[in-house]
Structures are given as structure tokens and as C-alpha cells.
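Thanks for making time for this. I will go through one structure, from the overall layout down to single residues. Please look at the display as we go.

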Amino acid sequence: LTAVTARANADWLRAFIADPARHRSGTAMPHVLANQEAADVEAVVHYLGALTPKKTAPPKKISHLNAELGKALYHTKGCVACHAPRADYAPPEGRPAAGEFSYGAAAFPALADKYDVATLAAFVRDPLATRPDGRMPRIEMEEQDARDIAAYLLGIAGSDGEAVPRLPAFAPDAALAKRGREVVTAARCAACHTLPSVPATQPIVLGRTTGGCVDETPAPG
């Protein structure tokens, strides 16, 4: 989670933490903070925002984008082995019928709410850099190819890479970050995440496999 607020919009992160399944269908993250006060969720965002490396590279200049090329790359590089092909793409041999799909497509989060071109391109090009145990593999591609795919997925029509919106900067508050660390410790977030200065948590043996935070709509409390 280091530098997560530099990779994902803090507003999206705030909403995701409060209700993971609503903002990322199929997520492995349970509703740990579903019944938490909004102020505590805000504190967690500030704690995560404080997890920054000592040295950060300046953002690279994006000279140009080609979403039309990105559309072709998205549908031919292998992305649609897991994600659904888009309705605006017509392969030369014709689109397969809905009944010909033998898998459930992996859903996207609200990409435009979470990423800008640079951050989505970085994830597309090397998802394992930030999710080493994630399900998305690394597909070898040029940096510009990843940017063009990101432009297509974000619906960017223009070609000027410097004119596209960037993620808003997030400045964590030290007092809120301290409270956020207390919240994530109590919520046992370290059972799944590696968090600085938060001791690792041993998994709890489930007494039952229904109810609690594993429910789609957890009961209050």
C-alpha cells in the first residue's frame, strides 16, 4: 500500500474502503470497515497517504496518446482473455455471440474515478509491481502501448498527453494518520496487508462460513 494515494484517487480510495464490493465487483477485500464512522474511514485514508517512500520519482512527461490504437491493443494483447471485449470493437472475423463466452469477465472498478492515464498505464504495464499476489499477469509491452490502452479505457479522445487530467495531490494530516493507524490495527488489516509499524496479524479460524464481514451486505455490528 506504499504510495497508494499517488496511484489511486483519494476520493475513490475513501469510497472503496467504506464499501469494497460496491466499488470493485469481485474484490477479495471484505467489508471490514463497513460499519465504521466516516471520520475513521477518513483517518485511514490519511494513514495510507502517509505511507510514502523516502524518494519518489517525478512524473514522466506524456507527449502523446492514441486511444484508437489503445483499443486495438486492448483487444489483441491478451486483456480480453479475462476482461470483456468492448462493444465498440469489431474484430475482422466478427464478434462472438454472447453464448460463446465460457468465462465470467473480470469486472473493472470505476477506472476514471480511480486512475489518471499515467497511473493506469503504470498498472497495466506491470500490475505485479504493486499487487505481487494479484490475479492480473504482466504482459510484455512498451510504455507507450500501456498509455494508449489507458487512454482508451479512460475514454480520452485527445492526443495531447499533457492536457489530460492528473490525479489531485493528496496531503495527509499527521494527527488523522495517527488515528488511522489505530483503526487499521484494530480492524486487523495486517492480516492481509503489510503495513509499516503495524504488527502482522494471525488469521482467525472461521467458526462458520456465512455472516459477518464475508456477507455481501453485512449486518450492523
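The protein has 221 residues, and 34% of them count as buried. Please keep in mind that this is a predicted model.

Start with the overall layout. The secondary structure amounts to nine helices and zero strands. Going along the sequence, the pattern reads α-α-α-α-α-α-α-α-α. The C-alpha trace spans about 55 × 45 × 25 Å along its principal axes. Now take the contacts with a separation of 6 or more: 66% of them are between residues 24 or more positions apart.

Next, one pair of helices. Two packed helices are described by the angle between their axes and the distance between the axes. Helix H4 covers residues 38–49 and helix H9 covers residues 174–186; they pack at an angle of about 105°, and their axes are 7 Å apart. How are H4 and H9 oriented to each other? Angles from 65 to 115 degrees count as roughly perpendicular, and H4 and H9 are therefore roughly perpendicular to each other. On the H4 side, the contact is made by Asp40, Ala43, Val44, His46 and Tyr47. On the H9 side, it is made by Leu176, Ala177, Arg179, Gly180, Arg181, Val183 and Val184. Sorted by type, the residues of this contact between H4 and H9 are seven nonpolar, two polar and three charged.

While we are on helices, here is a general point. An α-helix has 3.6 residues a turn, so residues three or four places apart point the same way.

Now helix H8, which covers residues 143–153. How many residues of H8 are buried? Nine of its eleven residues are, so H8 is largely enclosed by the rest of the structure. The buried residues in H8 are Asp145, Ala146, Arg147, Asp148, Ile149, Ala150, Ala151, Tyr152 and Leu153. What covers the buried residues of H8? The cover includes H5, helix H6 (111–114) and helix H7 (117–125). After H8 comes Gly155, and its phi is positive, near 70°.

That brings us to the aromatic rings. A pair of aromatic rings is described by the distance of the centres and the angle of the planes. This structure holds four aromatic pairs. One of them is Tyr74 with Tyr152, a tilted pair at 5.9 Å centre to centre with 50° between the planes. This pair links distant parts of the chain: Tyr74 sits in helix H5 (residues 67–76) and Tyr152 in helix H8, 78 residues apart.

Another pair is Tyr115 with Phe123, which is stacked, at 6.3 Å centre to centre and 20° between the planes. Tyr115 is buried at 9% relative accessibility, and Phe123 is buried with a relative accessible area of 12%. There is also a cluster: ring pairs link Tyr74, Phe108 and Tyr152.

On to the cysteines. A disulfide is a covalent bond between the sulfur atoms of two cysteines. Cys79 counts as buried, at 13% relative accessibility. Cys192 is exposed, with a relative accessible area of 67%.

Ala3 is not a glycine, yet it has a positive phi of about 65°. Ala3 lies in the segment before helix H1 (4–7), and it is buried, with a relative accessible area of 17%. Ser197 is not a glycine either, and it has a positive phi of about 65°. Ser197 is found in the segment after H9.

Terms used:
Residues numbered from 1 in each chain as written. Predicted model: local features only at pLDDT ≥ 70, side-chain atom pairs only at ≥ 80, totals over all residues. Heavy atoms only, no water. Buried < 20%, exposed > 50% of the residue type's maximum accessible area, 1.4 Å probe, protein only. Axes fitted to C-alpha atoms, helices over the stretch in contact; angles between N-to-C directions. Helix = DSSP H or I, 4+ residues; strand = E, 2+ residues; numbered from the N terminus. Parallel < 35°, antiparallel > 145°, perpendicular 65-115°, else oblique. Contact = heavy atoms within 4.5 Å. Nonpolar A, V, L, I, M, F, W, Y, C, P; charged D, E, K, R; others polar. Phe/Tyr/Trp six-rings, centres within 6.5 Å; stacked < 30°, edge-to-face > 60°.
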